[in-house]
Amino acid sequence: MPRYYFDLKISRDEYLRYYQGAATAVRVVDREGRGVRFPASALRGHVTPTGISGSFCLVTDENHKLLRLERL
């Protein structure tokens with residue numbers, strides 16, 4: 001299964017745009033320099049009162065379909 005490791009910092013106000021549907025996808029560059037795009041809804045379980053901050057691992061299947069997003 002492909003894995004993409006990256007760091008992410010999104011303020012509470014910025015995440016509100018995703019939550020309200022103004023933005024539906026998040027694009028990051030992983031630690032190997034690869035661009036990765038995934039649904040903003042995958043972040044819902046990682047939101048804190050200050051937003052989203054931390055290191056993550058995005059796991060996909062062989063067809064690059066999102067399986068899970070893990071906080072490291």
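Phe6 is buried, with a relative accessibility of 0%. This value, like every other here, comes from a predicted model.

A pair of aromatic rings is described by two things: the distance of the centres and the angle of the planes. The count of aromatic pairs in this model is 2. Phe6 and Phe38 form a tilted pair, at 5.8 Å centre to centre and with 35° between the planes. This pair links distant parts of the chain. Phe6 sits in strand β1 and Phe38 in strand β3, 32 residues apart. Phe38 is also buried, with a relative accessible area of 3%.

Phe6 belongs to strand β1 and Phe56 to strand β4, so the pair ties together parts that are 50 residues apart in sequence.

## Phe56 and its surroundings

Phe56 is found in strand β4. Phe56 counts as buried, at 0% relative accessibility. What does Phe56 touch, not counting residues up to four places away in sequence? The list is Tyr4, Tyr5, Phe6, Leu8, His46, Leu69, Glu70, Arg71 and Leu72.

One of these, Arg71, is 15 residues from Phe56 along the chain. The C-alpha atoms of Phe56 and Arg71 are separated by 4.5 Å.

## The nonpolar core

The largest nonpolar core has 17 residues. Phe6, Leu8, Phe38 and Leu43 have the most contacts inside this core. Five elements each supply at least two of its residues: β1 (3-11), α1 (12-19), β2 (25-29), β3 (35-39) and β4 (51-60). Which of them gives the largest share? That is β1, with 4 residues.

Now take Leu43. Leave aside its neighbours within four places in sequence. Leu43 is then in contact with Leu8, Ile10, Tyr15, Val26, Phe38, Ile52 and Leu69.

## The sheet

The chain has 1 helix and 5 strands. Along the sequence, they follow the pattern β-α-β-β-β-β.

Strands of a sheet pair through backbone hydrogen bonds, either parallel or antiparallel. Here, 3 strands form an open sheet in the order β1-β4-β5, and the pairing is antiparallel. β1 and β5 (66-71) stand at the edges. Each has a single partner strand, so one side of each is left without a neighbour in the sheet. From one strand to the next, the twist averages 30°.

β1 and β4 pair over 9 bridges. One example joins Arg3 to its bridge partner in β4, Val59. The helix α1 packs on the sheet and touches β1 and β4. The direction of α1 makes about 110° with that of β1.

## The hairpin and Thr60

β4 and β5 pair in the antiparallel sense over 5 bridges. The two strands form a hairpin with 5 residues between them. His64 lies in the turn and has a positive phi of about 65°.

Thr60 lies in strand β4. Opposite Thr60 stands Leu66, in β5. Is Thr60 buried or exposed? Thr60 is buried, because its relative accessible area of 3% is under the 20% limit. Beyond residues up to four places away in sequence, Thr60 touches Met1, Pro2, Tyr4, Lys65, Leu66 and Leu67.

## The whole chain

How does the chain compare with a compact globule? With 72 residues, such a globule would have a radius of gyration near 11 Å. The chain has 12 Å, which agrees. Its C-alpha trace spans about 35 × 20 × 20 Å along the principal axes.

Buried residues make up 32% of the 72 residues. Now consider contacts between residues at least 6 apart in sequence. Of these, 54% join residues at least 24 apart. The pair of Phe6 and Phe38, 32 residues apart, shows one link between distant parts of the chain.

Conventions. Residues numbered from 1 in each chain as written. Predicted model: local features only at pLDDT ≥ 70, side-chain atom pairs only at ≥ 80, totals over all residues. Heavy atoms only, no water. Core = buried A, V, L, I, M, F, W, Y, C linked by side-chain atoms within 4.5 Å. Buried < 20%, exposed > 50% of the residue type's maximum accessible area, 1.4 Å probe, protein only. Contact = heavy atoms within 4.5 Å. Pairing = 2+ DSSP bridges. Axes fitted to C-alpha atoms, helices over the stretch in contact; angles between N-to-C directions. Phe/Tyr/Trp six-rings, centres within 6.5 Å; stacked < 30°, edge-to-face > 60°. Rg over C-alpha atoms; globule rule 2.2 N^0.38 Å.
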